[in-house]
Amino acid sequence: QVQLVESGGGLVQTGDSLRLSCAASARTSRSYYMGWFRQAPGKEREFVAAIHWSASRTFYADSVKGRFTISKDNSKNTVYLQMSSLKPEDTAVYYCAAGGGVTVQAAYDYWGQGTQVTVSS
C-alpha cells in the first residue's frame, strides 16, 4: 500500500509562486505516472500535470502550461509541482496521485488527502 502526503499549500497573492510536494510512503512502481490534480469549489476535479517515474516524460493541462513545472526526486520518492504566476483561478485543493493514467483519474491507484491552494486577487 502506498500512501501519498501532499504539503506546501497555502494562501498567496496573484503572481506569486508556490511549490507543492508529494511524498510517497514507499517506493512506487517505476512504471507509474505521478499526477497532480485539482478541484475548485463547485467544480469537478481536473488534471494539472503528470510525470513518469522512469522516463521523466511530463504532461500538462493547457491552463497551466508555461506556469507550472512538475519534477521528481527518485531518491526521496517525492514529486513536486512548482507553480508560478499564480492566478485566482488556480485556487483549489490539489491532489497527488500515483498510477497509470496520465490524465485519466480512474487509472490512478493511489491518492493523497489534498492540500489547499488559495490565490487572492
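Student: Which residue in S8 is the bridge partner of cysteine 22?

Tutor: In this predicted model, the bridge partner of cysteine 22 is valine 79 in S8. As a general idea, the strands of a sheet pair through backbone hydrogen bonds, and the pairing is either parallel or antiparallel. Here strand S3, residues 18-24, and strand S8, residues 78-83, pair in the antiparallel sense over six bridges.

Student: Which residues of S3 stand opposite valine 5 and serine 7?

Tutor: Valine 5 stands opposite alanine 23 in S3, while serine 7 stands opposite serine 21. Strand S1, which covers residues 4-7, pairs with S3 in the antiparallel sense over four bridges.

Student: In what order do the strands of this sheet follow each other?

Tutor: Four strands form an open sheet in the order S1-S3-S8-S7, and their pairing is antiparallel. Because S1 and S7 stand at the edges, each with a single partner strand, one side of each is left without a neighbour in the sheet. From one strand to the next, the twist averages 15°.

Student: How many of the seven residues of S3 are buried?

Tutor: Five of them are buried, and the strand is therefore described as mostly covered, since buried means under 20% relative accessible area.

Student: Which residues touch the most other members of the largest nonpolar core?

Tutor: The general idea is that, in soluble globular proteins, nonpolar side chains tend to be buried together. In this structure the largest nonpolar core has 37 residues, and Leu4, Met34, Trp36, Leu81, Met83 and Tyr94 touch the most other members. Several strands each supply at least two residues of this core, among them S3, S8, strand S4 (33-39) and strand S5 (46-52).

Student: Is alanine 50 buried or exposed?

Tutor: Alanine 50, which is found in strand S5, is buried, with a relative accessible area of 0%. Leaving aside residues up to four places away in sequence, alanine 50 touches several residues, including Met34, Ile70, Val102 and Tyr108. The C-alpha atoms of alanine 50 and valine 104 are separated by 10 Å, although these two residues are 54 residues apart along the chain.

Student: Why is the pair of phenylalanine 37 and phenylalanine 47 called edge-to-face?

Tutor: In general, a pair of aromatic rings is described by the distance of the centres and the angle of the planes. The count here comes to six aromatic pairs. In the pair you mention, the ring centres are 5.7 Å apart and the planes stand at 70°, so the pair is edge-to-face. Phenylalanine 37 lies in strand S4 and phenylalanine 47 in strand S5, so the pair ties together parts that are 10 residues apart in sequence. Both phenylalanine 37 and phenylalanine 47 are buried, and ring pairs link Phe37, Phe47, Tyr108 and Trp111 into a cluster.

Student: Over which rings does the charged end of arginine 45 sit?

Tutor: The charged end of arginine 45 sits over the ring of tryptophan 111, 3.8 Å from its centre, and also over the ring of tyrosine 95, 5.2 Å from its centre.

Student: What is the phi of asparagine 77, and what is the phi of serine 85?

Tutor: Phi of asparagine 77 is near 50°, a positive value in a residue other than glycine, and phi of serine 85 is likewise near 50°. Asparagine 77 has its place in the loop between S7 and S8, where it is buried, with a relative accessible area of 16%. Serine 85 is found in the loop between S8 and S9 and is partly exposed, with a relative accessible area of 40%.

Methods. Residues numbered from 1 in each chain as written. Predicted model: local features only at pLDDT ≥ 70, side-chain atom pairs only at ≥ 80, totals over all residues. Heavy atoms only, no water. Buried < 20%, exposed > 50% of the residue type's maximum accessible area, 1.4 Å probe, protein only. Pairing = 2+ DSSP bridges. Core = buried A, V, L, I, M, F, W, Y, C linked by side-chain atoms within 4.5 Å. Axes fitted to C-alpha atoms, helices over the stretch in contact; angles between N-to-C directions. Contact = heavy atoms within 4.5 Å. Phe/Tyr/Trp six-rings, centres within 6.5 Å; stacked < 30°, edge-to-face > 60°. Lys NZ or Arg CZ within 6 Å of the ring centre and 35° of its normal.
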